[in-house]
Amino acid sequence: MAGPLTSEMTTFTLDNMGRYLCNTLQEAIASTGPTVAGRTRGFDVIVVGGGSFGSVVANGLFMRDATRSRRILVLEQGPFVLPEHVQNLPFLGGDPAFTVPWVVRPGSDLGYAGLQYAVGGRSLSWGGWSPELLHDEPGGADEGVTPQGNDEMAAWPATVVADLQDRYFYDAGEQIGVNATNDFIYGPLHQALRQMLFDAVSAGGPPFASLPLTALRNHPIVRAFRRRNGRAPTDAELLMFLGLQLAPGAAPPPRADLLNLLKVEAPLAVQTAAEPGLFPVNKFSAVPLLVQAARAAAAETGGVGTDADGRKRLMVVPRCQVLELVTETQPDNWVRVTGVRVRDNAGAEHVVPLASPTADGRQGVAVIALGTIESTRLALTTFSASLGGRAAQRMGKNLMAHLRSNLSIRVPRAAIAAALPALTPAALKALQVSALFVKGKASVGGADRYFHLQITASGLGRFGNNSEAEVFKKVPSLEQLTAMLQADDQSVVITLRGIGEMAPHNPDSVVELATTPSDFENGRPRAFVDFGDSRQTAGGSPQTQADRQVWEAMDAFTDRVALIFANGGPFEIIMASGGRTIPVPAAATATDLAALHPHAARRDRLGTTHHDAGTLWMSDDPAAGVTNDFGRIHDTTNCYVAGPALHPTSGSPNPMLTGVALARRTVTLLTDQVLPRPPAFAPPAPWRALFDGTARSFNTDWVRTSPDTSNGFALIDGEIVTLGAGDFGLLYYAREAFADFTLRVEFRIADAGNHNSGIFVRFRDPMADPTPVIAQRIRDAGDAPLFGANRAWSAVHSGFEVQIDDLCRGDSRRDFYGIRPEPDGLRKNRTGAIYKIPAADPLPAGGVDAATQTYQPGPPLIPGRWYQYEIDARGDTYTVDLTDLDTAARTRTSTFTNTDTDRGIGVSGGQPAGYIGLQSYNSAPVAFRHIAVRS
């Protein structure tokens, strides 16, 4: 078979990162063929979509796999393009192209840019705004919050709401960087604009009275601080979060004002400080999460090629289109996903199967993590027949996005300087940026409907040659880049972006399967999409008409906020195209603003927000939703959905934070209750585990000494598996040494004709220099060169090995006893023997070794069957018992009394000195588990 692909040269670049992070579809399929420790390893998880939420799911499942028991396959239709968010890279001026793979109603005014087909998806260039869905503060509310019944999650399952507020909003905020202040946004401009907005909102005028700051949850940093430290931040710490410094002797503002002032800070997913020794990652993108998991998965394999790929826990396959899921209907009429049907680059179709369920009822899963519309298309294509009359009849309904408007104004700096005298020309020598947030609501048809403003401002000194690059790196949203560049040293540009919620369950808004033959691709229908077009002035369902009222209320709210920053003075409206501006006179009113720049002219076409949601919404009632409260499609056993398609309602927040929180919650469920994993190992007292099957135990307590990774050890399915190829390897329990002890180890061979391993006991610390006697023995045996390159040889000469080798293979290398040539078949080299200790074996010249160990062979080892060694070392006496765990037959294979005063030492200097280790040798893999000791 051909070796793995090397890095490839494209027209412009050497594709090195893509080669080492990704696999081809053929490599992924081939990786399910080789046996690993005697078993083939299919994929336990297939994630369809390597974008924002698929990457979060894949990373979470990989990192939460304590026993390394699952294999994850991520299938992404687009290529690997960028390793990071585009704004974390040098100024390049572009990001991956968008594609619209669906069709819309003829004559529709929808403005879809489509999907960003690439690993990482939309997270490569999203704006970073991450407000939480509004819900009253849970029990033990943070100070300064007055619950007022505001709720953007009233239709959500109660268990989901409770879990999001209790844990997962926090966890998601930690992951994407929201639980911190935006310490890259500071300075006089930001402080002035923040104070102007805060003063106006706090005054409680008509635009703000319905949703005062006291009704909003505290800023994430306040809640995160309390969670981490068990207390609320002090006033001094709140001032630090705000970047405020008091004049000497000045009293701080009231604590309530400090808390509420933080609430108008923009909730941006940007990490600007990291742990010591780490560079900050800056704006969140999901790609580094996938990179982290893929690199770790590759590092664990101990090599390259098909056999190594069979050990790889995560594979990312780009440029691979998933056509549908492969399913079977069970006797109880529930549906189980058994694999996925994919199309490769050459146009050929393949089926990639999921691993079969295990005897304990656990099973692999498919996770649909495409964009909302494509996730719906895939679900409809897959389940229209098998779930017809059930979940399938609701798929595609409840389509929502957001209502979005933009207003950009240019305000003379003098109007803002009145709010903060520090805003002088000298204070604006360099670029300054501000980012603020304010929430609003309107009562429409007797129901509260919510919206918010994302406010970005930029002020410049005199333009330099690199102003565009500076703004590119600092503004939250690249869509505002052009407007921000119209700032100059005498003015500030402020963009107010309104985001409003759409009504759920609008019959005008739907995702279906196309029926026109020309709208088919690869013999399958594309998605057909339509929205209730509230941009039009009339018509539509009651929900569409209600959306118009929300849009109007949000735009009127925006006008009033814009006038706050104008501070009564003249300013300009910057039009979206052509560089045209509209002058606004001093003392203008909101009515004047709406007349000069009508609301309808500011509104983005529906579908341009990339916030599509709701079509596979969650409900506890299988008859009222598509998925359950963890995103599993109702009446399926193992098909889950990740992303905004799950949202019962959208509220006004951008879906990233909520989508990440829900994905992490589903990862917890899959890890704890669904995906295959071995039972936990916790031996009863007085036994204690030396290896319990987890990565913590494997990585922390056990140390590999041999530098040759081809003779390494892997943690697979809660087992230590040997990877023997060349010189032998040693994995030893480095946490402590032992004197007298009884050791239990379970082991399993994979090949009756090719296995060679063992368990070392009572050897000296291989990282320490050997004693003079042991060093001389190493030289006498001719092993000094081997020891110099591989400290594992210390165990051979300073301890004893309990052998695992039914073939009793002889050793061509000279040993302590000088018996050469050594034939195969000697009892001292057989399973259950203490290796190389004479055991009444016939010698080549016809003599017999003077036995120093009593040896009784156990039953022949059967591949795939578990056996247990119980090795007792008391004083100078060693006994070995071998048990067939299938039959419970137990054999005392060896009894040995050691008379060598320099070898097998249990105590040195009054302290335990004997270490325990496992051997990896040149053979098929041998697996170990359930290692316990009784001292």
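Ala587 sits in the loop that runs between β26 (581–584) and α16, where helices (H or I, at least four residues) and strands (E, at least two) are DSSP runs numbered from the N terminus. The model is predicted, with local features requiring pLDDT of at least 70 and side-chain atom pairs counting only at pLDDT 80 or more, whereas totals for chains, interfaces and linings use all residues. Residues are numbered from 1 along each chain as its sequence is written, and side-chain values use heavy atoms, with hydrogens and water left out.

**Overall architecture**

- The secondary structure of the protein amounts to 21 helices and 43 strands, and the C-alpha trace spans about 115 × 75 × 55 Å along its principal axes.
- Of the 935 residues, 58% count as buried, a term that means under 20% relative accessible area, with exposed set at over 50% and partly exposed in between (1.4 Å probe, protein chains only).
- Among the contacts (heavy atoms within 4.5 Å) with a separation of 6 or more, 72% are made by residues 24 or more positions apart.

**Backbone features in loops**

- Ala587 has a phi near 60°, which is a positive value in a residue other than glycine, and this residue is exposed, with a relative accessible area of 60%.
- Asn398, placed in the loop between α11 (372–383) and β17 (402–412), likewise has a positive phi, near 65°, but Asn398 is buried, with a relative accessible area of 1%.
- Ala685 and Pro686 are joined by a cis peptide bond with omega about 10°, and Pro686 belongs to the loop between α17 and β28 (688–691).

**Helix packing**

- Helix α5 (residues 188–203) packs against helix α8 (residues 255–262) at an angle of about 110°, their axes being 10 Å apart; axes are lines fitted to C-alpha atoms, for helices over the stretch in contact, and angles run from 0 to 180 degrees between N-to-C directions.
- This angle makes α5 roughly perpendicular to α8, since 65 to 115 degrees counts as roughly perpendicular, under 35 as roughly parallel, over 145 as roughly antiparallel and the rest as oblique.
- In helix α6 (residues 220–229), the buried residues are Pro220, Ile221, Val222, Arg223, Ala224 and Phe225, and their cover includes α4 (158–176), α7 (235–242) and α8.
- Just after α6, Gly230 adopts a positive phi of about 70°.

- Asp701 lies in helix α18 (residues 695–701) and counts as buried at 5% relative accessibility.
- The side chain of Asp701 makes a polar contact with that of Arg735 at 2.7 Å; such a contact is a pair of N or O atoms within 3.5 Å in which, within protein, one must be able to donate a hydrogen and the other to accept it, residues adjacent in sequence counting only if both atoms are side-chain atoms.
- Residues up to four places away in sequence aside, Asp701 touches Leu690, Arg696, Tyr732, Tyr733, Ala734 and Arg735.
- Thr637, in the loop between α16 (590–596) and β27 (639–641), is buried with a relative accessible area of 16%, and its side chain makes a polar contact with the side chain of Asn638 (3.4 Å).
- Leaving aside neighbours within four places in sequence, Thr637 contacts residues including Gln330, Trp334, Val335 and Arg632.
- Leu807, found in the loop between β35 (800–804) and β36 (853–855), is partly exposed, with a relative accessible area of 34%.
- Beyond residues up to four places away in sequence, Leu807 touches Ala752, Gly753, Asn754, Asp824 and Gly825.
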